[in-house]
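Colleague: I keep meeting labels for parts of a protein and I'd like to see where they come from. Can we take a few and check each one against its value?

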Amino acid sequence: MSVTYMNEQDCVDAIIKRVGKKLRVATPLAAGKANHLLNALYQRAKQDPEIDLKLFTALTLAKPRGKNLLERRFLEPFVERVFGAFPDPQYHLDREQDKLPSNVQIIEFYFPAGKQLSSRHSQENYMCSNYTHVARDLLDGGVNVIAQLVATQEGEKGFSLSCNPDVTLDLIDALKDRDNVAFAAQINRNLPFMYGDAVVSNDTFHFVLDNPDYDFRLFALPKMPVSDVDHMIGIYASTLIKDGGELQVGIGSIGDALVYAMLLRHQDNAAYQNVLRTFHVEEKFGAVIQKKGGIRAFEEGLFSATEMFVDSFMHLIDVGILKRRVYDHVVLQRLLNEEAITETVTDETIFHLLERRAIHPKLTKQDFRFLQRFGVFREGLNYEDGYIVLSDGTRIEADFNQEACADRITAHCLGQCLKGGAIVHGGFFLGPQVFYDWLNNLPKERRELIHMKSVTKINQLYGHEQLDRLHRKNARFVNTCMMMTLF
């Protein structure tokens, strides 16, 4: 059972009592950091030289600060408007001034480009790790504390890891059976309650810091301008996006330009095609476009599996471009891809699942749970000793080998539409305030279509190849990359 505190110092006391003074703390990259709790841990280490603190993280975010009086006066109104009372990580402020105590080590695996070039501590303590393998490397580093910002929502059971299930899910899974670890959560009611694998039970965390006064505004990234060159790249790239396929887009102006071009393609196709004619796009690349992409509005729509769930995707969701639902079951997804079934549940849905041996003719409890999980069977049914029990107590033998039973099952047990599908699989998100507001205001039934998952499920190539290939058909990946030369 978890213990809840309103004071971060009490929470720090509990962590130290549980794991000792050798603290190996993992906290998420970007927006998922439990800043009040982290600051209290750091201050305790500054006060007590017997504490040995190593903090593993990435993409530490802090409010911009001017280097001189003129810069500060220019920035202060902007910072107040955009960041509000966001609590800066104190370890970061001290690190920038080379004031970290000798008993504290900050280890990061990703920096904002160029931000830590002048920091000796950062350069000497950089962890070169692929995002997919970060959990593995943190476990090698002896992590014994997890500090995570989490969301709650009235009517929901448990917590949501929200913007950062990416590494935390894998760490919790690896460490959950150990006694000498502490999982600590800080609740922030501004954090969107996200679904998919991000939802965890109340007893996942040993300690919870819950103080409404600490519900700080989430760190919001400013939007960068989109240049003419970016817009042209976006126009060309948009012709390679195939309807019914999968899309991944990175953060930045080129991704924004692509999304703008896709919106034009979908919402005003005549204007979009006029742009293509103006720049002779089809004359140059018509064969490639016809084979790999398209220039018509999106009818079937797209699915997205993306390490970072970028804010521009909210526009693709709102206009109905991101709408192709995928399901976490190989046979079900294959039947959908083959158009043998649709998302509307019928007798054929059941018999195709029987034919592909996704379920047994004489239904087991596991078969029943599978059918109910994906909406093939409706809510309000139970399974008891080989019988399906209706809400009025009627019992139907769960045996499709008997025609009479099969008829009764299809007549009384089927749902209306498949459920549990997703239009987005995301590892983490970070964006402007309007993005967080959009997520918070999104109706639950639409937010449930966005499944937040561990980064190994998004990025890892092994262990779920069949399902990924079915989900990610006609996949397109659009990212800005860095070029490195010898100079």
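Colleague: Why is Ser 454 called buried?

Modeller: This is a predicted model, and in it Ser 454 has a relative accessibility of 4%. Buried means under 20%, so Ser 454 gets that label.

Colleague: Where is Ser 454, and what is it in contact with?

Modeller: Ser 454 lies in the loop between β17 (450-452) and α19 (455-459). Setting aside neighbours within four places in sequence, Ser 454 touches Pro 165, Asp 166, Leu 169 and Asp 170. Take Pro 165: it sits 289 residues away from Ser 454 in sequence, yet their C-alpha atoms are 5.4 Å apart.

Colleague: And Thr 132, what makes that one buried or exposed?

Modeller: Thr 132 comes out at 12% relative accessibility. The cut-off is under 20%, so Thr 132 counts as buried. Thr 132 is in the loop between α5 (120-124) and α6 (134-140). Leaving out neighbours within four places in sequence, Thr 132 has contacts with Val 455, Thr 456, Asn 459 and Gln 460.

Colleague: On to helices. How do you know that the span of α9 agrees with what it should be?

Modeller: Helix α9 (residues 253-267) has 15 residues, and at 1.5 Å a residue it should span 21 Å. The C-alpha atoms at its ends are 21 Å apart, so the two agree.

Colleague: What makes α9 mostly covered?

Modeller: The count does: 13 of the 15 residues in α9 are buried.

Colleague: Why is α9 called oblique to α10?

Modeller: The axes of α9 and helix α10 (residues 269-278) cross at roughly 120 degrees and come within 5 Å. Roughly perpendicular covers 65 to 115 degrees and roughly antiparallel is over 145, so α9 is oblique to α10. On the α9 side, the contact involves Ala 261, Leu 264, Arg 265 and Gln 267; on the α10 side, Asn 269, Ala 271, Tyr 272 and Val 275. By class, that contact of α9 with α10 has five nonpolar residues, two polar and one charged.

Colleague: Which values describe how α1 and α2 pack?

Modeller: Helix α1 (residues 8-19) and helix α2 (residues 35-47) pack at about 65 degrees, and their axes are 9 Å apart. Their crossing is right-handed. Residues of α1 including Cys 11, Val 12 and Ile 15 meet residues of α2 including Leu 37, Ala 40 and Leu 41. The contact of α1 with α2 divides into seven nonpolar, two polar and three charged residues.

Terms used
Residues are numbered from 1 along each chain as its sequence is written. This is a predicted model: local features need pLDDT of at least 70, side-chain atom pairs count only at pLDDT 80 or more; totals for chains, interfaces and linings use all residues. Side-chain values use heavy atoms; hydrogens and water are left out. Axes are lines fitted to C-alpha atoms, for helices over the stretch in contact, and angles run from 0 to 180 degrees between N-to-C directions. Helices (H or I, at least four residues) and strands (E, at least two) are DSSP runs, numbered from the N terminus. A crossing is left-handed if the near helix is turned anticlockwise from the far one by less than a right angle, and right-handed if clockwise. Contact means heavy atoms within 4.5 Å. Ala, Val, Leu, Ile, Met, Phe, Trp, Tyr, Cys and Pro count as nonpolar, Asp, Glu, Lys and Arg as charged, and the others, Gly among them, as polar. The expected span of a helix is 1.5 Å times one less than its number of residues. Buried means under 20% relative accessible area, exposed over 50%, partly exposed in between (1.4 Å probe, protein chains only). Angles under 35 degrees count as roughly parallel, over 145 as roughly antiparallel, 65 to 115 as roughly perpendicular and the rest as oblique.
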